[in-house]
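Look first at the structure, then read on.

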2 protein chains.
Amino acid sequence: MFASLSQQVEPMDEERLERAVSRLRADLLDAQYSVLEQARTPVVVLIAGIAGAGRGRVVNTLNEWMDPRHIRTSAFGPRDEAERQRPHMWRYWQALPSRGRTAIIFEGWYTEAIDARVNRRIKRHAFWHTLHEIQRFERMLAMEGAVVLKFWLHLDADRQRAHFRELERDRATRWRVTAEDWRAHRQHKRICKVAEEAIRMSDTVHAPWHLIDASDLGQAQLAVGKVILKALKTALSGQRRTAAPALPPLVVPSEQPAQPARVVTKPMSKHDYEPELEHLQGRLNMLLRHPAFARRSLAVVFEGMDAAGKGGAIRRITHALDARNYRVHPVAAPTEHERRYPWLWRFWRDVPRDGRVALFDRSWYGRVLVERVEGFAAEPDWSRAYEEINAFEQEWTEHGIIVCKFWLEVSADEQLRRFNERGRRRFKRFKITPEDWRNRERWGDYLPAVQDMLARTHTERAPWAVVVADDKYRARLAILESLCERLESELQ
Amino acid sequence: MFASLSQQVEPMDEERLERAVSRLRADLLDAQYSVLEQARTPVVVLIAGIAGAGRGRVVNTLNEWMDPRHIRTSAFGPRDEAERQRPHMWRYWQALPSRGRTAIIFEGWYTEAIDARVNRRIKRHAFWHTLHEIQRFERMLAMEGAVVLKFWLHLDADRQRAHFRELERDRATRWRVTAEDWRAHRQHKRICKVAEEAIRMSDTVHAPWHLIDASDLGQAQLAVGKVILKALKTALSGQRRTAAPALPPLVVPSEQPAQPARVVTKPMSKHDYEPELEHLQGRLNMLLRHPAFARRSLAVVFEGMDAAGKGGAIRRITHALDARNYRVHPVAAPTEHERRYPWLWRFWRDVPRDGRVALFDRSWYGRVLVERVEGFAAEPDWSRAYEEINAFEQEWTEHGIIVCKFWLEVSADEQLRRFNERGRRRFKRFKITPEDWRNRERWGDYLPAVQDMLARTHTERAPWAVVVADDKYRARLAILESLCERLESELQ
């Protein structure tokens, strides 16, 4: 989930940032006063995130940008005597805003739960129970008409360390870095893991999360402010109460998104590829004969644009398997019969039983890709699908199924080249249809859907691997290797 | 919760029952065919309950009454090999009906969870986690357009034993009673406790429970059939998808409800009352000085019709308390200011801290009493209040607050007598207003609201005590005694 943030944000030019901020401030203030006047919607802004990401600065900035007389900021640290003597949620109830006003919650209910779990003061089920209670609390807020906005400010471990070091270098700012901060740095990986679980379980339509890359604080603040402005405007238009709300993108794009540097390498030669392929196939075969696999099973999902090479990759895997133990499930649009059941029902028929492998050539992710983009599923339906998919995969993994998901990323140029090639080669001609060409035209519509999918459904137990697929040989080897590594870590 | 069922149901005369059944059968069949034809709504009927309550008979009867070709009945016992090799919910997904068809689930997901908890195979948090997962599953079904109907067939322990004995007496039916059944009988109390928790946590607007008194099986079957018929008709009219659905009553009234025998006793004399009162006040005072109470606290809720004697009862309690340690909170309609917050917010201000007592003269239950009856709260709002109240009280009790709730039941005659008396006595005249007379006229509207409230919010941790309040002296003593007993059991 956080991986989708870890691109280096380009610094934005000073002057442009300033212009954007001053426009935003004016708009935010207007919106704040209108919401206040309407006195219908309480606004709850929750700021959480990684130590050193600038959570406190964001809180201060929001108080500067908006009229602080109508904002109540509450920071929550360890519990004091009065708080310990009352029920768990009491202190949070005290911080709630009245209709029209805004509450900023700094280190609120999530930070407390995540911290308890990170330091192993509560077990897994108790942590889940707390998250369910939080969900119920937030649903209550939404039912009462509140706008609930949750922000996670993220820094990766390297940037967190660099940030602390920089502060320490200067005598004037050295005091800002505490022992606590360095402890948080040492726990960075575990904090991310726990936070990811918390976010995944509480990213709901009525109280969605917004992940913000905080490596450039100026841009991060701008992003937070824009999300708030948009939510206030929606609340003012009264849409929330009537139409079914849709899930906003989980990852808030920065103003100037970095272009992922595509590593252009020399295509791999067949000569180098073949021995490597055979080696990996052998390794995979051995792993699936491991005694521990008899009580586990494997589900592999392949998604990607047309001609990304899903079928080819699957065949290279099945060559390594015993035909009695695997099944390939090509997934197309649901049939008339399948449409008569809950949409996930058809995938429940294909659960691999213990000791078996199921390979999905496209999958349940069609719901949030083609069905979303083409409008085959209505917005409220695909919006709730992320939660449903996560729950679905959690049920599988809880049983012991190893779920691997591959997104094969092919460039538009390479896709075109492959389409043309298919058109030329007679035996591949059946593989290219007018629909493929039509889909290609909607390439731009697919990109946000893909980004959302990766951000919202990349979980610890069922992670996505994004495979650059312009070179088929490299892609196939990468997939096989990733599978072997995952199996090794699961079966040990 | 189950207490509200434990009135002896009057046997219904044979002929009348038969007429009612034949009318119902015809209507059910019509509705079933219409739903089938429409092919829009899948129907899930879940039958659970106490052993010996006739769950199997109900399933068979439904298959007789409706066209069994369009019903799929699935019974779930211990898991077989194929089921063990797949994720937990897999077998339940296989049993789902397609649009227009009906699935009857016998011993489904609840029975499995309750059984695991009763026999302590899972701990409390794991049990809650399972219930949350079930809730999510049922919400998914509802989102996909399904009608989900859940029935709990209840028998109290005495009637269960009598039923088993009767079957054992006859050689032809002896085989029906198994060792399993007697084990369930020995565990009756624990099963009820666990089931109550499960029902309370999963009684939602989209998949409500229906509690059926099964002491007369004929009437119970009729009740089940009627609920199904009503749900099918609602589905056919398409209301479910458009209007916000309302929560039906939890307890399904039997055809001929028993009249609770009001024990008419001679009024208690002041002479007998006073020494007893003093004795109980002393006992209560001692209990609140118990060292263990320093880490606990007490919240007492008084509800009842006007002139039921709430104020008088509260004063008899406060006479026993140290003025520094208690507060009385008279609850009226929310103020303009309070209305700007989530509705439960104002009660969170009055949480008693450790070692203190809070007495509520009327309370958060106004939401499901006066606000429901008078229409101050819209149906979707008071419908969700039961869940919210249960969650609210659970948060209080989890912290260690002892929550006691008294419903003072006064008869219409006695209320009239008290109103008239108040009108006559000058110093009590302020206590009677035109509104009181108006409320009195709506007496009949309050009764179902009271029944719903008692059924839906009577929980193990925050139980209701219904006090017959026509005799003030007896009522006050009963309340004090109940409080003392509760404190004794909590503080030991």
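Buried area is the accessible area, found with a 1.4 Å probe, that two parts lose on being put together, summed over both. The size of an interface is often given in this way, as the accessible area lost when the parts come together. The model discussed here is a predicted one.

**Two domains in chain A**

Chain A is divided into domain 1, residues 2-242, and domain 2, residues 270-491. The centres of these two domains of chain A, taken over C-alpha atoms, are 34 Å apart. Between them, domain 1 of chain A and domain 2 of chain A bury about 1,000 Å², and carbon and sulfur atoms account for 44% of it. The contact involves 10 residues of domain 1 of chain A and 11 residues of domain 2 of chain A.

The count of salt bridges between domain 1 and domain 2 of chain A is 1. A salt bridge joins the side chains of A:Asp203 and A:Arg456, with 2.7 Å from N to O. The count of residue pairs in polar contact between the two domains of chain A, with both residues at pLDDT 80 or more, is also 1. On the side of domain 1 of chain A that touches domain 2 of chain A, the elements giving two or more residues are H6 and helix H9 (188-202) of chain A. H9(A) provides the largest share of that side, 3 residues. Sorted by class, the side of domain 1 of chain A that touches domain 2 of chain A has 3 nonpolar, 2 polar and 5 charged residues.

**Chain A against chain B**

How many residues does each chain give to the contact? Chain A gives 49 residues and chain B gives 49 residues. The area buried between chain A and chain B is about 4,800 Å², with 54% of it from carbon and sulfur atoms. In chain A, the residues that lose the most area to chain B are A:Trp93, A:Trp348 and A:Arg353, which together make up 14% of what that side buries.

Between chain A and chain B the count is 3 salt bridges, and 18 residue pairs are in polar contact with both residues at pLDDT 80 or more. On the side of chain A that touches chain B, the elements giving two or more residues are helices H3 (81-84), H4 (90-94), H6 (124-143), H14 (345-348) and H16 (379-399) of chain A. H6(A) supplies the largest share of this side, 11 residues. By class, the side of chain A that touches chain B has 24 nonpolar, 8 polar and 17 charged residues.

**Salt bridges by name**

The table lists salt bridges named in this report.

| Residues | N to O distance |
|---|---|
| A:Asp203 and A:Arg456 | 2.7 Å |
| B:Glu144 and A:Arg384 | 3.3 Å |
| A:Arg384 and A:Glu388 | 2.6 Å |

A:Arg384 and A:Glu388 both lie in helix H16 of chain A, 4 residues apart, which is about one turn of the helix. Over all chains, the count comes to 71 salt bridges.

**How the copies are related**

Two copies of a chain are related by a rotation about an axis and a shift along it. Here a rotation of 180° with 0.0 Å of shift along its axis superposes chain A on chain B, with an RMSD of 0.1 Å. The two copies are therefore related as by a two-fold rotation axis. The same surface serves both copies, since 100% of the contact residues of chain A recur in chain B. Which residue of chain A comes closest to the rotation axis? A:His125 does, with its C-alpha at 2.8 Å.

Terms used: Residues are numbered from 1 along each chain as its sequence is written. Chains are lettered from A and ligands numbered from 1 in the order in which they are written. This is a predicted model: local features need pLDDT of at least 70, side-chain atom pairs count only at pLDDT 80 or more; totals for chains, interfaces and linings use all residues. Side-chain values use heavy atoms; hydrogens and water are left out. Contact means heavy atoms within 4.5 Å. A salt bridge is a side-chain nitrogen of Lys or Arg within 4 Å of a carboxyl oxygen of Asp or Glu. A polar contact is a pair of N or O atoms within 3.5 Å; within protein, one must be able to donate a hydrogen and the other to accept it, and residues adjacent in sequence count only if both atoms are side-chain atoms. Ala, Val, Leu, Ile, Met, Phe, Trp, Tyr, Cys and Pro count as nonpolar, Asp, Glu, Lys and Arg as charged, and the others, Gly among them, as polar. Copies are superposed by least squares on the C-alpha atoms of residues with pLDDT of at least 70 in both. Domain bounds come from an automatic or database domain assignment.
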